[in-house]
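Here is a briefing on one chain. Look over its sequence and fold before reading on.

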Amino acid sequence: PAPIQKILLEISDVHHRVHEEHRRSQQPLGDWVCAETAAQKQDCGYPGIDQVACEARDCCWDTSSPSTWCSLKILHPRTGPPPPVLAPACRAAPQEKRDCGFPGIDQAKCEARNCCWND
């Protein structure tokens, strides 16, 4: 690619990685969906991106938009109570976890001890 296209690709990739990190941090708050209006759309691609490359980036492909065919997903807030957020230790690999409770412990007592509850 020409030097300017290479720079645009690098900028697009950095923007995409930042958005993905933000998406992962916000997951408990809602669901990521494709924008419905032009005002909600933010470019997720680069000049000349095709549908396969766009969707491989987990972005939305929509040729009905006059300018932004490949756009970032937006956060659609969930209704009802939010799902529980696991502490980082609760997301650890099984071999990294240690028993923190005792036989017969219930979820409330387990979590009161700052332990992770598994059904």
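This is a predicted model: local features need pLDDT of at least 70, side-chain atom pairs count only at pLDDT 80 or more; totals for chains, interfaces and linings use all residues.

Residues are numbered from 1 along each chain as its sequence is written, and side-chain values use heavy atoms, with hydrogens and water left out.

**Fold and surface**

- The chain holds 3 helices and 4 strands; helices (H or I, at least four residues) and strands (E, at least two) are DSSP runs, numbered from the N terminus.
- Starting at the N terminus, the order of elements is α-β-α-β-β-β-α.
- The chain has 119 residues, and 22% of them are buried. Buried means under 20% relative accessible area, exposed over 50% and partly exposed in between, with a 1.4 Å probe and protein chains only.
- Take the contacts between residues at least 6 apart in sequence: 57% of them join residues at least 24 apart. Contact here means heavy atoms within 4.5 Å.
- The accessible surface of the chain is about 8900 Å², and carbon and sulfur atoms account for 57% of that surface. Areas come from the Shrake-Rupley method with a 1.4 Å probe; for residues, only the protein chains shown count as cover.

**Strand β3**

- Strand β3 spans residues 70–71 and includes C70. S71 also lies in strand β3.
- C70 has a relative accessible area of 1%, so C70 is buried.
- S71 is buried too, with a relative accessible area of 3%.
- Neighbours within four places in sequence aside, C70 is in contact with Q42, D43, C44, G45, I49, C54, C59, C60 and W61.
- With those neighbours again left aside, S71 is in contact with K41, Q42, D43, C44, C59 and C60.
- C54 sits 16 residues from C70 along the chain, and their C-alpha atoms are separated by 5.8 Å.

**Aromatic residues**

- How many aromatic pairs does a search of the whole structure find? The search finds 1 aromatic pair.
- The ring centres of W61 and W69 lie 5.7 Å apart and the planes meet at 85°, so the pair is edge-to-face.
- Rings of Phe, Tyr and Trp (its six-membered ring) pair if their centres lie within 6.5 Å; planes under 30 degrees apart count as stacked, over 60 as edge-to-face and the rest as tilted.
- W61 counts as partly exposed, at 22% relative accessibility.
- W69 is likewise partly exposed, because its relative accessibility is 40%.
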